[in-house]
Amino acid sequence: MAKERVTVCLPRCDPGDVVQAITAAMAPFDYNRDAGVGDPDVETWWDYWQIDGGGIEFLVVPGHEDDPRLIRGARTLSGEPRNVPPGLCDGGPRALLDLETPRVRAAAEARRAFEAWQDFAKAYPPGRAFGAFRARHLADPENYSQIQAVEDYRAQPVIAAFRDNPELEDVVGGDPIARLSDDLDGLVRHAVDAALPSNALLTLDGRWLDVANAERRRYFTDYLDALPGDAYAVRVLYHG
């Protein structure tokens with residue numbers, strides 16, 4: 001069993017009613033629910049939960065840090081107190097959540113990584129992504145081992161030099177040939193789509209969506225953008 005986070009979307013409500021509204025929205029997905037006759041057959045996901053966006057809190061729109069409609073969970077699942085900075089929150093009306101800044105930062109970091117790799121790699125012969133070596137191994141595992149595939153990949157001049165440059169590796173990340181060779185627009189879009197999602201999304205109409213691939217991350221991002229400004233989005237930590 002793991003602890004993950006779902007972003008729960010709620011229609012406009014009084015801040016004091018948010019916990020009750022989350023309880024009602026989450027109820028159909030409780031492992032221990034008592035399903036009645038005629039209740040829909042849904043996949044269940046959790047056995048207990050807590051409002052807690054620890055690590056993926058929303059940024060607050062500047063100037064609205066003290067708005068009473070913002071939601072900040074007071075305690076962790078283990079009962080320890082939380083101290084959420086004023087510029088962050090676990091949720092609130094969509095209009096009070098700064099959804100753009102994380103995406104701008106993610107796009108800038110992606111461009112920085114792309115440009116750093118391109119500038120570095122142009123001094124070396126073109127290399128091949130690790131996937132090419134892995135494909136050769138999978139096609140002929142008896143004659144071309146996984147160990148040999150790794151060694152051949154790392155022996156390429158551009159990768160050997162890259163591995164000797166930890167500062168660049170911190171900027172660029174892993175497998176740069178595959179990620180940073182030619183598609184800057186795709187790289188930026190991928191980074192932007194990954195800036196906001198949690199493990200799952202619970203929509204206004206009661207759909208629990210596992211956010212496990214690029215298509216779902218894009219859907220998550222677009223869904224939050226399209227929420228009415230007074231609808232709530234709240235990060236909920238659940239055990240499931």
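What volume does the largest pocket have? The value is about 150 Å³. A pocket is an open set of points on a 1 Å grid over the protein atoms alone, where a 1.4 Å probe fits, with protein on both sides within 12 Å along at least five of seven lines. Lining residues have an atom within 4 Å of a point. The model is predicted, with local features needing pLDDT of at least 70, side-chain atom pairs pLDDT 80 or more, and totals for chains, interfaces and linings using all residues. Residues are numbered from 1 along each chain, and side-chain values use heavy atoms, without hydrogens and water.

The lining of the largest pocket comprises 13 residues, of which A110, A113, V172, R179 and L187 are the closest to its centre. Helix 2 (100-121), helix 6 (166-172), helix 7 (176-180) and helix 8 (184-193) each contribute at least two lining residues. Helices are DSSP runs (H or I, at least four residues), and strands are E runs of at least two. By class, eight lining residues are nonpolar, two polar and three charged.

Helix 8 also meets helix 9 (residues 214-226): their axes, fitted to C-alpha atoms, come within 8 Å and cross at roughly 65°. The crossing is left-handed. In contact (heavy atoms within 4.5 Å) are R189, H190, V192 and D193 of helix 8 with R217, R218, T221 and D222 of helix 9.

Eight aromatic pairs are counted, with ring centres within 6.5 Å. F29 lies in the loop between helix 1 (18-26) and strand 2 (48-51) and W208 in strand 8 (residues 208-210), so the pair links parts 179 residues apart in sequence.

Conventions
Points joined across faces, edges and corners; volume = space filled by probe spheres on them. Nonpolar A, V, L, I, M, F, W, Y, C, P; charged D, E, K, R; others polar. Axes fitted to C-alpha atoms, helices over the stretch in contact; angles between N-to-C directions. Left-handed = near helix turned anticlockwise from the far one by under 90°. Phe/Tyr/Trp six-rings, centres within 6.5 Å; stacked < 30°, edge-to-face > 60°.
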